[in-house]
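Hello,

Here is the structure you asked for. My notes on it follow below.

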Amino acid sequence: MNDSDQRQPSAILRRAAPLAPSMLVCRRFIRNRLAIAGALIIAAMLLFSFAGGWISPYGEAEVFTEYVEQTKDIAMLSVKHELRFSEAEAGAFGAAQRAAFMAALRDQAAQFSAGGYDYFIEQPGEGVYLISGLSRLASYQRGMVKAESGFSADAGFSAAFSAAARQRLPVFNIDGEQYRLLYRQRVIYACRLQPLAVASYQHFEPLAAKAEGDFPLLLQAQLALAKLRDAGDSAVLYAEGAELRLVRDGAGAMIYDGQGQAYAALIPYSISALDGTRLGGEFKTAAYQAALRDQRSFSLAGVEYRLLREGDNWRIQSEQSIQVVRDYDAPSGEHWLGTDGQGMDILTRLMYGGRVSLSIGLAVVLLEALLGMLIGGLAGYFGRWADGLLMRIVDVFNCLPVLPLIIIIGALMDGMRVPPATRLLYLMLVLALLGWPPVARLVRGQILSLREQEFMLAAEAAGLSSRRRIFRHLLPNVAPQLIVVCTMGLGEVILTESVLSFLGLGVKFPFASWGNIINSVTNLYVMTNYWFVWMPAGLLILLTVLGFNFIGDGLRDAFDPRGRR
């Protein structure tokens, strides 16, 4: 016998050395290339999701902005072609009086009546109408003159009023002032015209706080402007003892105080802000002056404004540095996968989204396994009435409409404004409570077959308690099948979470998940032109689900080598 023949038996013995069951499972799993590929994919996903968030220099909900030069519409100057009324007192010249005035204006009448009162129209200038009412100063009856409250009738006034009343005159003059007589049955009233309102195409625009609601100043300004003809002509006005200067400027006029500051304006325009901001007096002054002089631009506080004419209106614009969100930025060195519609880094969102999606999958599968093992183990071991009761509970949960129920729960959480973090926990619980029945059925079926085996008879003969027989002998023998089912179920849970988030029922902002990242693509234009927003998230979901399925297939083959050689 040679040396090779002597070594052969020992070599055969070494090759035939038995391996532990766990080592056999590991060896069979390692030999499965798809299983190894799946394990590598899942390891890469875990590393990408949990380590990537720490490495990324950006936050999960960090929004990126930039300043751009943009033409912004500030205000609109509009020409008003209708008469505008200014009242001496609020309510002194209401809608009924205005309607009667317009009718009298069409009829070219100098007087009209409304509400039992007479009104008189004067036109001091083109497009300006002074509307006055009769203010009763005194009454004449049976040869006696009686002054009204607030008016003092001296002897000269009484004599002139009495003489005019006896002669039935319409007016009388005294001390250079004219008075009108109003005949009412047996009583005659001496009246004086009292300005009640001014109707004009020129709008009185206060540019200083003191000019607000100053009807005497408005009346002075309207009467003074009616007398001025050429641009640059001026007139002196008085307001609360202060001297003002009105200067005609194009189709309107500007009123300045003693320091040369703009006090008010008479203009045929109205100005309104287009961006919701309050326009200051300096801006209005510069805009009015530019419009009155037909200028195309003006400067204020170092900012250049342009007037863009559109018919009878002027659009006021300016070039401003505006902070805008960098939404849908293409992939670059700063943002490797670009930014989404909210201006957030897509790569960072994918990292944090992986944490949420994988955590939900693992947590839900763990809860399903615990519930399924507990209920299935009790039902399979005790049998009889316990089995019937627990299986009917399983049947009830199997009959629940899962998707409508999740939609209702999501709508309730939206209505109750549940915080995103709490909503995440509720989502895990709901998915686990609706997903455990298949696991319970699997565990029950396995235990029904295992409890009749010889090792269980030996455990019963040894006097072991039911708890030890279930948790030390039965459930560990169910673990291989349970691991396979749970591993393959992880992909299904991640898909379910992604679908719910895509429908707006799952994870909410500011938390990211792969599903709600895809949900940000809301129309066909974004989907076709900004593929980098949704395609990476879809690819990660695909790879993760495939990885878990590969691992599940590999574990199934490793635990049951007869299934495939």
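Q141 stands opposite M144 in β6. That pair belongs to strands β5 (residues 128-141) and β6 (residues 144-147), which run antiparallel and are joined by four bridges. Two strands count as paired if DSSP finds at least two bridges between them. Strands here are DSSP runs of E with at least two residues, helices are runs of H or I with at least four, and both are numbered from the N terminus. β5 and β6 form a hairpin with two residues between them. In the turn, R142 has a positive phi of about 55 degrees.

Some ground rules. This is a predicted model, in which local features need pLDDT of at least 70 and side-chain atom pairs count only at pLDDT 80 or more, while totals for chains, interfaces and linings use all residues. Residues are numbered from 1 along each chain as its sequence is written, and side-chain values use heavy atoms, with hydrogens and water left out.

Now the open sheet. Five strands are ordered β10-β14-β13-β12-β11, with antiparallel pairing. The edges are β10 (203-206) and β11 (234-239), each pairing on one side only. Neighbouring strands of this sheet are turned by 25 degrees against each other on average, direction ignored. (Axes are lines fitted to C-alpha atoms, for helices over the stretch in contact; angles run from 0 to 180 degrees between N-to-C directions.) Within the sheet, β12 (residues 242-249) and β13 (residues 252-256) pair antiparallel over five bridges. R248 stands opposite A253 in β13.

Next, helix α6 (residues 215-227). Its 13 residues reach 19 Å from first C-alpha to last, close to the 18 Å expected at 1.5 Å a residue. The expected span is 1.5 Å times one less than the number of residues. Buried residues in α6 include F215, L217, L218 and L219. Others among them are A221, Q222, A224, L225 and A226. Buried means under 20% relative accessible area, exposed over 50%, and partly exposed in between (1.4 Å probe, protein chains only).

Two other backbone angles to look at. Q108 has a phi near 55 degrees, a positive value in a residue other than glycine. Q108 sits in the loop between α4 (95-106) and β3 (111-114). Q108 counts as exposed because its relative accessibility is 75%. Y328 also has a positive phi, near 55 degrees. Y328 is in the loop between β18 (313-325) and α8.

On a 1 Å grid over the protein atoms alone, a cavity is a set of points where a 1.4 Å probe fits but cannot get out; a pocket is an open set with protein on both sides within 12 Å along at least five of seven lines; lining residues have an atom within 4 Å of a point. Points are joined across faces, edges and corners, and a volume is the space filled by probe spheres set on them.

The largest pocket has a volume of about 390 Å³. Of its 16 lining residues, the closest to the centre are E368, L434, G435, E492 and V493. α14 gives the most to this lining, with six residues. The lining has 11 nonpolar, three polar and two charged residues. (Nonpolar: Ala, Val, Leu, Ile, Met, Phe, Trp, Tyr, Cys and Pro; charged: Asp, Glu, Lys and Arg; polar: the others, Gly among them.)

There is one cavity of 30 Å³ or more. The largest cavity has a volume of about 50 Å³. The largest share of its lining, four residues, comes from α10.

Best wishes
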